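Dear colleague,

I am passing on the structure we spoke about, so that you can look through it alongside these notes. Please keep it open while you read.

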Amino acid sequence: MLLAPVADRVAQAVVKDFLEQIVEPKFHEDSYAYRPGKSAVEAVGVARERCWRQDWCIDLDIKGFFDNLDHELMMKAVKHHTDEKWIHLYVKRWLEALLQRSDGELVERKSGTPQGGVISPLLANLFMHHAFDEWMRKHCPTAKYERFSDDIWCIAAH
């Protein structure tokens, strides 16, 4: 992994703070990952409480989520929430940043988000907000779930 220079990490923090103010109020109440005032412990607590009252639980984990995040769909989600061109430019740049393998080889990135990047957790939540949370709201409005990034527990009665 090619570590971002300090200036890039500062820029990512600026973009994260800007986007977070816009998207945070829209996120699902049971989305817990990397959010202000939310935690994994809280997600597990809610899941534990709900599972005692329901008949079934499905545990989902999206394999390779951070490595395979679709850049085009990610940019579509970002553009849905802001018209700021500078935000679009920087997010696209970070998504497409070269990946450095353990042997030092630099590889072009076609998908995924930079792991360890300041902006990556927010981008993951934004993607899952549209790809999962909104889909569930529309198609399974009574199902309860807890989501921690790409890990999801759906709990419901039959």
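What follows goes through the strands, then a surface patch, and then a pocket.

Please bear in mind throughout that this is a predicted model.

I begin with strand 5 (residues 151-156), which is joined to strand 1 (residues 56-61) by six bridges, the two running antiparallel. Within that pairing, I152 of strand 5 is the residue that stands opposite L60. Strand 5 also pairs with strand 4 (residues 144-148), again in the antiparallel sense and over five bridges, and here C154 in strand 5 is the bridge partner of Y145.

Turning to the surface, V6, V10, V14 and W86 form a nonpolar patch whose accessible area comes to about 370 Å² together. Helix 1 (residues 6-23) supplies the largest share of this patch, namely three residues, and V10 is one of the patch residues placed in that helix.

Finally, there is the second largest pocket, for which the computed volume is about 180 Å³. Its lining is made up of 13 residues, and those that lie nearest the centre of the pocket are D67, L99, R109, S111 and T113.

With best wishes

How values were computed. Residues numbered from 1 in each chain as written. Predicted model: local features only at pLDDT ≥ 70, side-chain atom pairs only at ≥ 80, totals over all residues. Heavy atoms only, no water. Patch = residues over 30% accessible without salt bridge, like charges linked within 9 Å, V, L, I, M, F, W, Y side chains within 5 Å. Areas by Shrake-Rupley, 256 points an atom, 1.4 Å probe, with all protein chains shown as cover. Salt bridge = Lys/Arg side-chain N within 4 Å of Asp/Glu carboxyl O. Helix = DSSP H or I, 4+ residues; strand = E, 2+ residues; numbered from the N terminus. Pairing = 2+ DSSP bridges. 1 Å grid on protein atoms, 1.4 Å probe; cavity = no way out; pocket = protein on both sides within 12 Å on 5 of 7 lines; lining within 4 Å. Points joined across faces, edges and corners; volume = space filled by probe spheres on them.
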